[in-house]
Amino acid sequence: MSSRLKKLFSSLVHGNQHERMKMLLLSLSFFLVIGSYTLVREIKSSIFMAVVGKDYVPWARLIAMFILIPGVMFYSFLVDRLRRYQLLYFYSILYGVAGIFCTYLIAHPTVGLLNTDTSPYRLFGWFFYFFIEGFSPFVVSVFWAFANSVFTPNEARESYALLVSGSKFGGMATAAAAWFIFSLRDAAGAPIFSNVVGHQLVLALFTVLVFLIPIVIRITIKKVPGQYLHGYEAVYQFEKHKKEQGQEKTGIFSGLV
């Protein structure tokens with residue numbers, strides 16, 4: 001283990017400047033991905049139970065599996081039309097915009113937490129639960145797809161330890177930030193932020209972190225030369241080129257027939 005750490009830090013200090021920049025920027029991106037997910041994952045069930053009711057949590061878990069099916073189908077539709085980094089842009093911005101609306105609705109007198117009457121007909125609770133359930137397959141997984149496309153197998157073995165370290169640090173940092181928001185007290189010992197405001201601040205922080213993801217990815221693409229951003233992507237482009245050539249030949253032969 002110590003030899004791997006030495007090799008990792010040696011590559012950071014003595015490695016190629018562009019490879020080092022790519023590694024650090026993608027580690028920062030994964031920090032933002034996991035950090036934002038940690039924030040909302042911890043409050044997903046609590047908000048659902050406060051709005052809909054704790055008796056419906058098992059139903060929410062069951063229904064979520066079916067709700068995600070159209071999302072997966074839409075994801076498959078986008079995969080054939082967008083590059084991996086564009087997919088990451090799309091889902092990050094989508095979750096950022098939805099995060100803005102959730103931050104507002106959480107304090108709404110009838111839709112949000114100020115309404116203490118739980119009911120299965122309060123749609124915001126269901127939406128928020130399914131919204132967070134989709135973060136892992138549609139943001140975390142897309143990030144890994146992008147990372148796999150810009151790292152060669154050898155680079156992956158050397159770099160993924162740093163990526164995972166960045167994600168762990170992101171999870172700990174944002175979890176600590178959420179704990180600080182909810183535990184902050186005044187001189188009399190009373191909470192400085194109400195329960196509603198505390199949840200708003202956490203969602204606002206989530207929204208900021210999610211919006212930073214495409215910005216960091218854009219910086220990565222702009223600052224790192226293209227020759228350092230081809231790993232498995234090179235294989236993909238080669239196979240795509242062969243497939244297109246095969247289709248052209250098929251079209252020619254079909255025309256002759």
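The model is predicted, so to speak of method first: local features need pLDDT of at least 70, side-chain atom pairs count only at pLDDT 80 or more, and totals for chains, interfaces and linings use all residues. Residues are numbered from 1 along each chain as its sequence is written, and side-chain values use heavy atoms, with hydrogens and water left out.

Let me begin with the whole chain. It has 9 helices and 0 strands, where helices (H or I, at least four residues) and strands (E, at least two) are DSSP runs numbered from the N terminus. Buried residues, meaning those under 20% relative accessible area with a 1.4 Å probe, counting protein chains only, make up 39% of the 257 residues.

The axes, lines fitted to C-alpha atoms over the stretch in contact, with angles from 0 to 180 degrees between N-to-C directions, come within 5 Å for α5 (residues 123-133) and α6 (residues 135-150) and cross at roughly 30°. The two helices are therefore roughly parallel, a term for angles under 35 degrees. F131, I132 and E133 of α5 meet F135, S136 and P137 of α6, contact meaning heavy atoms within 4.5 Å.

Methods:
Angles under 35 degrees count as roughly parallel, over 145 as roughly antiparallel, 65 to 115 as roughly perpendicular and the rest as oblique. Buried means under 20% relative accessible area, exposed over 50%, partly exposed in between (1.4 Å probe, protein chains only).
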